[in-house]
Amino acid sequence: MFSMTALQLAAEIRQRRLGVEEVARAFLARIEKYGGKGGLNAVAELNEAVLDQARAMDNLKSGRDGAMFGLPVLIKDNIDVAGLHTTAGSLALADNLAWKDAPIVANLRRSGALILGKTNMTEFANYTGARTPNGYSARGGQVINAYDPQKDPSGSSTGSAVAMSAGLCAAAIGTDTSFSIVGCATDNGVTGLKPPHGALSSQGILPIARTLDSAGPITRDLRDALLVYSCMRDRPLRPIEPAPPEKIRLAVNLYNQEQVSAAQMERYDRLLSALRADGAQIETVQHPYCPQQRDIMRYEFRHDLEAYLSESRARRRTLEEIVRYYEEHPTMMRYGIEYLRGALDGPSGKLDDEIYLRALAERQKLGAQLAEDLKKYDACLMTGPTNVMHFLGFPSLALRLCMAKDGTPRGMILYGADEEKLYAAALTMEKYTSPIPLPPL
């Protein structure tokens, strides 16, 4: 059950070969054994009503045709789930009990998803201090990589990615400002999808920067990710089929390629050689790193955070109150809060700062240029690190690639300007990759 894809598990439930309560109990038992503080520490909070909800779903005579009917889902702890806390891993927001579902969660429920609970994450989605370890939060503690406890579990959707890799849910939901879904996915042997900016509602999600943030699914494979993404949307995604290999036009971004290990480059070369042998057309591009992304994050954080908090039940409604809480509790500042302090001290909070407006103008200008450049490609493979897809709001996704010799997984990141072309190409490219087994827990 725990290694099944979401689509396989949904079919078993739909055919009544598995009951919803039976499935929920199995995943809860696995979470209790591996997912809590004595283990991977991926799960922050459980939905106490989940078994009652599962039992009610089993008793339904009709209404069982939702695309995700009965599938147990875990949600990152910066997304509102009615009756559960939304803290972004911060003790300063420990009292923030959500009073309604975020729209993406409501959409999942309408599709039949069963919300198991919330996952731990890097504190404030990695926007507390530069030294904060991936997967660490003062509220939740440290999330552990399921394949190797000594390996970086990546961030900030850490708990969601680790939970998915360890088979603690059928699908997980994360958020991504810059690699928080796709980076986590590559380091944990799972698939992550960051949709194009604006494709999903951002309401009910504790933000870094609305211009850059997006929620998205973390799943076993890309078909599962497209299923979950479709169910998160207000309108379903059109069906996507794999593109014929000979029809694929793939760009390879060489920017910062010298920072990639020789072993990873060999993995990319094997993939590209196999695609080329089957007729794919492959060219190279140079898409840069965009430092202005940091300016957008710094200048939007306070404004967007306080807009979210103004509609919440949290006692602390301003960034100033949150920073004061940290300063009054020094143990919470073991890794620093320079990002929080910088967002408080510099920006006006009105989104009228000259540096911010220049960053937005550069985003618009570069976005138009790269959208035009990418028209001739179905997908672009990121080799060296660049944030260009996140800065511009282009869709991106992470696919598994293979297991490395050290027994931990490796993945790859693709992006593009047209999401349907990107997904069609990626479905084909996924067939050229190797399976990733569940970790030996």
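Q: In what order do the strands of the open sheet of 11 strands stand, and which strands stand at the edges?
A: In this predicted model, the open sheet has mixed pairing and the order S1-S3-S2-S6-S8-S7-S12-S13-S11-S9-S10. Neighbouring strands of the sheet are turned by 30° against each other on average, when direction is ignored. Each edge strand has a single partner strand, so one side of it is left without a neighbour in the sheet, and the strands in that position are S1 (43-46) and S10 (281-285).

Q: In which sense do S9 and S10 pair, and which residue of S10 is the bridge partner of Asn253?
A: Strand S9 (residues 249-253) is mostly covered, with four of its five residues buried. S9 and S10 pair in the parallel sense, and five bridges are found over this pairing. For Asn253, the bridge partner in S10 is Val285.

Q: How do S7 and S8 run, and which residue of S8 is the bridge partner of Thr191?
A: Strand S7 (residues 191-194) and strand S8 (residues 214-219) run antiparallel and are joined by two bridges. On the S8 side, the bridge partner of Thr191 is Thr219.

Q: Which strands does helix H5 lie across, and at about what angle does it run to S6?
A: Helix H5 (residues 158-165) lies across strand S2 (72-76), strand S3 (114-119), strand S6 (171-176) and S8.

Q: How is H7 oriented relative to H14, and which classes of residue make the contact?
A: H7 and helix H14 (residues 419-430) pack with their axes 10 Å apart and at an angle of about 150°, which makes H7 roughly antiparallel to H14. The contact is made by Leu222, Arg223, Leu226 and Tyr229 of H7 together with Glu419, Tyr423, Ala426, Leu427 and Glu430 of H14. By class, this contact has no polar residues, six nonpolar residues and three charged residues.

Q: How is H9 oriented relative to H10, and which residues make the contact?
A: The axes of helix H9 (residues 292-309) and helix H10 (residues 319-328) come within 9 Å and cross at roughly 95°, which makes H9 roughly perpendicular to H10. On the H9 side the contact is made by Phe301, Arg302, Leu305, Glu306 and Leu309, and on the H10 side by Leu319, Glu320 and Ile322. By class, the contact of H9 with H10 has no polar residues, five nonpolar residues and three charged residues.

Q: Is Leu309 buried or exposed, and which residues is it in contact with, leaving aside its neighbours within four places in sequence?
A: Leu309 has its place in helix H9, and its relative accessibility of 0% is under the 20% cut-off, so Leu309 counts as buried. With neighbours within four places in sequence left aside, Leu309 is in contact with Leu93, Ala314, Arg316, Arg317, Thr318 and Ile322.

Q: How many Å apart in space are Leu309 and Tyr147, C-alpha to C-alpha?
A: Along the sequence, Leu309 and Tyr147 are 162 residues apart. In space, their C-alpha to C-alpha separation is 36 Å.

Conventions:
Residues numbered from 1 in each chain as written. Predicted model: local features only at pLDDT ≥ 70, side-chain atom pairs only at ≥ 80, totals over all residues. Heavy atoms only, no water. Axes fitted to C-alpha atoms, helices over the stretch in contact; angles between N-to-C directions. Parallel < 35°, antiparallel > 145°, perpendicular 65-115°, else oblique. Contact = heavy atoms within 4.5 Å. Nonpolar A, V, L, I, M, F, W, Y, C, P; charged D, E, K, R; others polar. Buried < 20%, exposed > 50% of the residue type's maximum accessible area, 1.4 Å probe, protein only. Pairing = 2+ DSSP bridges.
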